Amino acid sequence: MTDAPGTPPHHEIETAFEEDGHTITGENPFLLFQDWMSLAEAKEPNDPNAMALATVDATGLPDARMVLLKGFDDEGFVFYTNSESAKGRELDHNMQAALLFHWKSLRRQVRIRGTVSLLPAAEADAYFQSRPRASRIGAWASQQSRPIESRKALWQVVTKEAARFAIGSIPRPPYWNGYRVRPSTIEFWMDKPFRLHDRVLFTRSPDGKDWTTQRLFP
């Protein structure tokens, strides 16, 4: 039998999926995510915990930006931000979001969709105090997402806040919070030859206790 022009030989297609039995398996997507994140931490040159965070504004127009993952467990994926920023205001209007991790060096990505909740104040306080002092001052200085006349004006505000907190601890601003994305779906994507990529979708059960998996067409 002869393959059609432009079609990869049959044995090459089979080779592309030879890892089906052990590459993407299991009933807990968080364990698989941990494996992939560990690989990314070893291979990615910068910020393996960087992820795109997608929200929608009050009109339904999508918005996206890069943020850093600061923790995850079976309850979800955690990040921190200024709640008065564009993303904070959008989440206040609609507590649903999507995340995307793309690790170019691994040729893999993970897509996550779910609901969002605020972290308890004590957790946000603890993480805020773990940040470098300059970053804590920056959190007070930045009116995130709002207009500013110049870079010089920004540094003037930073200098003012640095003087205000020159001595002693720096408390967490009341508008600086942690968020958890509790996933309803997690999709693992792995690059394969001839654009016949591996895609496996984990879907959380309605009671939140179990996950089902299904393979998707590339």
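This is a predicted model: local features need pLDDT of at least 70, side-chain atom pairs count only at pLDDT 80 or more; totals for chains, interfaces and linings use all residues.
Let me start with the second largest pocket, where β1 (50-56), β5 (96-103), β6 (108-118) and β7 (176-190) each supply at least two residues of the lining; strands here are DSSP runs of E of at least two residues and helices are runs of H or I of at least four, numbered from the N terminus. Residues are numbered from 1 along each chain as its sequence is written, and side-chain values use heavy atoms, with hydrogens and water left out.

This second largest pocket holds about 240 Å³ of space, and of the 15 residues that line it, Q96, A97, A98, R113 and G114 lie nearest its centre. A pocket, on a 1 Å grid over the protein atoms alone, is an open set of points where a 1.4 Å probe fits, with protein on both sides within 12 Å along at least five of seven lines, and lining residues have an atom within 4 Å of a point. The volume is the space filled by probe spheres set on the points, which are joined across faces, edges and corners. By class, this lining has six nonpolar, six polar and three charged residues, where Ala, Val, Leu, Ile, Met, Phe, Trp, Tyr, Cys and Pro count as nonpolar, Asp, Glu, Lys and Arg as charged, and the others, Gly among them, as polar.

The largest pocket has a volume of about 350 Å³, and of its 15 lining residues the closest to the centre are Y80, T81, R131, Q144 and W176. Here β2 (62-68), β4 (76-82) and α5 (133-141) each supply at least two residues of the lining, which by class has six nonpolar, six polar and three charged residues.

Turning to helix α2, how far apart are its end C-alpha atoms? They are 21 Å apart, which agrees with the 21 Å that the 15 residues of this helix (residues 29-43) should span at 1.5 Å a residue, the expected span being 1.5 Å times one less than the number of residues. Its buried residues, buried meaning under 20% relative accessible area, exposed over 50% and partly exposed in between (1.4 Å probe, protein chains only), are P29, F30, L32, F33, W36, M37 and A40. Seen down the axis of α2, these buried residues fall within an arc of 150°, so they line one face of the helix; the arc is that of the directions from the helix axis to the C-beta atoms. The face turned away from the buried side carries the exposed residues L31, E41 and A42.

Most residues other than glycine have a negative phi. S145, in the loop between α5 and α6 (151-164), has a positive phi near 80°, and it counts as partly exposed because its relative accessibility is 47%. F194, in the loop between β7 and β8 (198-204), has a positive phi near 60° and is partly exposed, with a relative accessible area of 43%.

Finally, T159 belongs to helix α6 and is exposed at 52% relative accessible area; T159 and I137 are 22 residues apart in sequence and 9.1 Å apart in space, C-alpha to C-alpha.
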